[in-house]
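Biologist: I am new to this structure. Could you show me how to read it, one feature at a time?

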Amino acid sequence: MVQPLDTLIETPSQTAGPYVHIGCIPTFAGLPGVYPQDLGLSPIAPGAKGQIITITGAVIDGTGWALRDAMMESWQPDAAGLFAGQEGADPAVSGFCRFAADKDSGLFTLTTVKPGPVPQRGGATQAPHISLWVVARGINIGLSTRIYFEDEDNSTDSLLARIEQRPRVDTLIAKKTGEGQYRFDIRLQGDHETVFLDI
């Protein structure tokens with residue numbers, strides 16, 4: 001039986017920003033000393049195996065403006081497709097990073113090791129990818145998406161294969177801009193809106 005809620009009223013929901021920076025990356029928010037260092041500063045440590053890459057981009061709203069208060073978290077496997085804690089995984093790859101858009105330009109930068117294909121049951125693999133979670137002022141629930149790479153074989157990836165509107169697959173593909181350099185923009189709405197995952 002459902003109890004009546006005549007004395008306890010549900011607290012209104014609130015967006016993640018702008019306070020998310022204070023709690024998650026206080027040094028970035030101008031509050032040094034809360035932690036010895038902000039958690040998740042880099043997904044890799046010195047000596048990580050594989051190709052070091054840099055992904056640059058912006059979180060863009062429906063008017064075409066880059067959000068300057070966006071914060072992201074990324075998770076990924078190492079260059080062999082193994083996640084931290086799995087047998088044989090590279091100990092120099094935690095795979096977790098927490099980073100923010102630049103306060104002036106709105107650009108974000110993620111420097112990491114290029115992930116390898118992720119083994120699945122039955123011998124199949126997922127294409128190399130990085131999972132991403134995005135929060136900012138005005139976003140009520142964090143948005144989950146993925147970054148794939150245009151210079152990898154994405155044709156057999158099980159997640160990409162489930163996207164019925166095939167032109168939208170391109171919104172998950174980072175474009176190569178140079179050796180070890182990629183561009184990946186996240187569009188919240190409008191033309192070329194990024195595919196977000198309900199997970």
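Modeller: Gladly. Keep in mind that this is a predicted model.

Biologist: Where in the chain is alanine 124 found?

Modeller: Look at the loop between strand E5 (118-119) and strand E6 (125-126); alanine 124 is found there.

Biologist: Leaving aside neighbours within four places in sequence, what is alanine 124 in contact with?

Modeller: With those neighbours left aside, alanine 124 is in contact with Val118 and Pro119. For a distance in space, take valine 34. Alanine 124 and valine 34 are 90 residues apart in sequence, and their C-alpha atoms are 44 Å apart.

Biologist: Now the whole chain. How many helices and strands does the chain have?

Modeller: The chain has 2 helices and 11 strands. Read from the N terminus, the order is α-β-β-β-β-β-β-β-β-α-β-β-β. The C-alpha trace spans about 55 × 45 × 40 Å along its principal axes.

Biologist: What share of the chain is buried?

Modeller: Of the 199 residues in the chain, 40% are buried. Contacts are another thing to read. Among contacts with a separation of 6 or more, 66% come from residues 24 or more positions apart.

Biologist: How do strands E2 and E3 run, parallel or antiparallel?

Modeller: Strand E2 (residues 71-75) and E3 run antiparallel, joined by 5 bridges. Strand E3 (residues 96-100) is mostly covered, with 4 of its 5 residues buried.

Biologist: And how does strand E8 run with strand E9, parallel or antiparallel?

Modeller: Here the sense is parallel: 2 bridges join strand E8 (residues 143-149) to strand E9 (residues 173-178). Tyrosine 148 has isoleucine 173 in E9 as its bridge partner.

Biologist: What does E9 do with strand E10?

Modeller: E9 pairs with strand E10 (residues 181-183) in the antiparallel sense, over 3 bridges. Glycine 178 stands opposite glutamine 181 in E10. The hairpin of E9 and E10 has 2 residues between the strands, and glycine 180 in this hairpin takes a positive phi near 75 degrees.

Biologist: Is histidine 192 buried or exposed?

Modeller: Histidine 192 counts as exposed because its relative accessibility is 64%.

Biologist: How much space lies in the largest pocket?

Modeller: The largest pocket holds about 280 Å³ of space. Its lining has 13 residues, and those closest to the centre are Asp170, Thr171, Asp185, Arg187 and His192. By class, the lining divides into 4 nonpolar, 3 polar and 6 charged residues.

Biologist: Last, which residues does the domain annotation cover?

Modeller: An unreviewed UniProt entry annotates residues 49-190 as "domain: Intradiol ring-cleavage dioxygenases". Over residues 49-190 the chain is 3% helix and 38% strand. The end C-alpha atoms of that stretch are 39 Å apart.

Key
Residues numbered from 1 in each chain as written. Predicted model: local features only at pLDDT ≥ 70, side-chain atom pairs only at ≥ 80, totals over all residues. Heavy atoms only, no water. Buried < 20%, exposed > 50% of the residue type's maximum accessible area, 1.4 Å probe, protein only. Pairing = 2+ DSSP bridges. Contact = heavy atoms within 4.5 Å. UniProt positions renumbered as here; feature names shortened; annotations may be inferred. 1 Å grid on protein atoms, 1.4 Å probe; cavity = no way out; pocket = protein on both sides within 12 Å on 5 of 7 lines; lining within 4 Å. Points joined across faces, edges and corners; volume = space filled by probe spheres on them. Nonpolar A, V, L, I, M, F, W, Y, C, P; charged D, E, K, R; others polar.
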